[in-house]
Amino acid sequence: TVKPGPAARAFDAAAKRPYAALFVLCALLWLPGLFSLPPLDRDESRFAQSSKQMLETGNFVDIRFGFVPRYKKPVGIYWLQAASTAVAGLGDRSHIWTYRLPSFLGGFAAAWLTFWLARAVAPPPAAFAASALLAGTLLLSAEATIATTDAVLLATVVAAQAMLLRAYLAARNSGRPKLPWAIALAGWAAIGIGILVKGPVTPGVCILTALVLSLWDRNGAWLRATRPVAGLAVLLAIVLPWLIAIWIQTHGNFFTQSLGGDFASKLAGGQESHGALPGYYLVLASVALWPATLFLIPAIAFAAIRRDAPAVRFLIVWAASVWVVAEIVPTKLPHYVLPAYPALAALMALWAVSEVPLKREGLLRFAAIVQYGLGVLAIAAAPIAATTIYAGHAPIWLIAVSVLGGVIGLLAIPCFFRRDEGGAIVFALAGAAVLYATLTLGGAPLLQQLWVSPRASALVAKDARAGDPPVVLAGYEEPSLVFLLGTNTRLAVDGSAAADAVADAGGLALIERHERTAFIDRLAEMGAQAAKVDTLSGLNYSRGKPVTIDVYRVAAVHQVIAPPAE
């Protein structure tokens, strides 16, 4: 039970209005980064640019980045980003925050749906605790702030799993009402939307959970409650129209590249240098799952004791299945384990309100505090370390705010010791809100060395002249710069090709130093005149390499055609 106290009373008041409180919490945690961060490389800018091109061309079937097909993910997230930009952008498609709105709303939907999921097995305060802990995690806060698939995907996973959980509980408890048709079909619709967002992930989580659970119970009859025939019809009605359209549009190339290329290569090996050994996510959890880590270790012990309870068993299977598969797959990115987080958050909340005694509970709480405390220190130190490394120094005000956020977060520890779980959640989330805003609103604008693309775009805006053709890039061609400069930006394979491209019509060329010699030599061969008008240096964080970019203005080469001989 929640002990009395100011923080606990604040928690109780929020739990009485869970949806409004969750929205306010999500806004405090996520909006600072959504509006303050520039376009990020590489996935965010690729998604945003491809969505922008849908609006520019009116083609909402095919997916392209520049002139190149982008057949890695299905169309769902591009539709959502195009729609949010069409509405919120008011005709302006150049602001990255409009493409991030689906992620923000998807993250909020995931938190709201986690509350609804937990209400099937827990009272409102515990359900609110589960949803608030999920919303506060560093990983979801990051994904809800950037224009990628994973926050929206998580909402579809939680909706589908909430339907499965209710079906499972109804079959295991004769006193429970049957699963209503509306909930069953809504769950199937969520799977269909999930397929349009990220292919096999949402159905994969559901299938894996249902399979392992049925094997554990030696009984899969409960799945009949999900109305599989009608549900599959709903799913196919959602996904088939676009699948047929993209098959016709690309002659099947989308499926070859998406499933046979992108998805299969991630299963076969570490794609794009993102390989890691099993245990990667376990190590990462102290930061990625923070501040919910305060409840993680006791919740795991609680789950082991109560594993025969149907709800606990379902949550164990869900979390463990996703986690184990993520650890086994050679390609590893932090967000791959995110679909396990709602189940873990629900187990944490069930432990917090349970009366089940844990063996060596004091030791478990101490271990949880150590893990949580290390997360506080790491996240509080992050903006200080980043500005010291990349800006030369950390301002006093930034240090002070980081320390304040850390202190607020650490106040959760005495509450946790007193078994004031509600108070601990309030202080942990308050500390998270301060620290996340310090990272995004406070520290990020100081890291100009990392924001090469916005600086390069600003130089182009300063040096451009009326009538200039699209800019030519060589050596530094990150998607964020293409997004900022526009769809018609010309990408050259090297400095020589950049010279060929810019010499015909003249204009500006942005040439990274490693391509400068080839660029200048080729211009000299053609007799073209070029003047360097600006330079910038920074760090290409996508590659971990320093870059220096020169801005050249090139005069067009006018070929003189000799008159025919008399």
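Predicted model: local features only at pLDDT ≥ 70, side-chain atom pairs only at ≥ 80, totals over all residues.

Biologist: Okay, which residues are linked in a network of salt bridges?

Modeller: Side chains of opposite charge can pair when their charged atoms come close. Here arginines and aspartates are joined up in a network of salt bridges. The members are Arg172, Asp217, Asp308 and Arg313.

Biologist: Is Arg313 buried or exposed?

Modeller: Arg313 sits in helix α15, residues 310-328. Leaving out residues up to four places away in sequence, Arg313 touches Tyr168, Leu213, Trp216, Asp217, Arg307 and Asp308. Its relative accessible area is 9%, and buried means under 20%, so Arg313 is buried.

Biologist: Which residue has its backbone oxygen 3.2 Å from a polar atom of the Arg313 side chain?

Modeller: Look among the residues that Arg313 touches, which include Asp308 and Arg307. The backbone oxygen at that distance of 3.2 Å belongs to Arg307.

Biologist: How many salt bridges does a search of the whole structure find?

Modeller: One of the pairs is Arg42 with Glu478, at 2.8 Å from N to O. Another is Asp468 with Arg553, where the closest N and O atoms are 2.6 Å apart. For the whole structure, the search gives 20.

Biologist: How many residues apart are Arg42 and Glu478?

Modeller: Their side chains meet in a salt bridge. That pair links distant parts of the chain: Arg42 is in the loop between α2 and α3, while Glu478 is in the loop between β3 and α22. Arg42 is partly exposed at 24%, whereas Glu478 is buried at 3%.

Biologist: What about Asp550, is it buried or exposed?

Modeller: Asp550 meets Arg516 in a salt bridge at 3.9 Å, N to O. Arg516 lies in helix α24 and Asp550 in strand β7, so the pair ties together parts that are 34 residues apart in sequence. Arg516 is partly exposed at 31%. Asp550 has 0% relative accessibility, so it counts as buried.

Biologist: Let's go to α3. Why should helix α3 span 21 Å?

Modeller: Helix α3 has 15 residues, 43-57. The expected span is 1.5 Å times one less than the number of residues. The end C-alpha atoms of α3 agree with that, because they are 21 Å apart.

Biologist: How many of the residues of α3 are buried?

Modeller: Among the buried ones are Phe47, Ala48, Met54 and Leu55. The buried residues of α3 pack against β1, α4, α5 and α22. Just after the helix, Gly58 takes a positive phi of about 75°. Of the 15 residues in α3, the buried count is 11.

Biologist: Last one: what does the count of disulfides come to?

Modeller: A disulfide is a covalent bond between the sulfur atoms of two cysteines. Cys206 is buried at 6% relative accessible area, and Cys415 is buried at 4%. The sulfur atoms would have to be within 2.5 Å, and by that rule the disulfide count is 0.

Note on methods: Residues numbered from 1 in each chain as written. Heavy atoms only, no water. Helix = DSSP H or I, 4+ residues; strand = E, 2+ residues; numbered from the N terminus. Buried < 20%, exposed > 50% of the residue type's maximum accessible area, 1.4 Å probe, protein only. Contact = heavy atoms within 4.5 Å. Salt bridge = Lys/Arg side-chain N within 4 Å of Asp/Glu carboxyl O. Polar contact = N/O pair within 3.5 Å; in protein donor to acceptor, adjacent residues only side chain to side chain.
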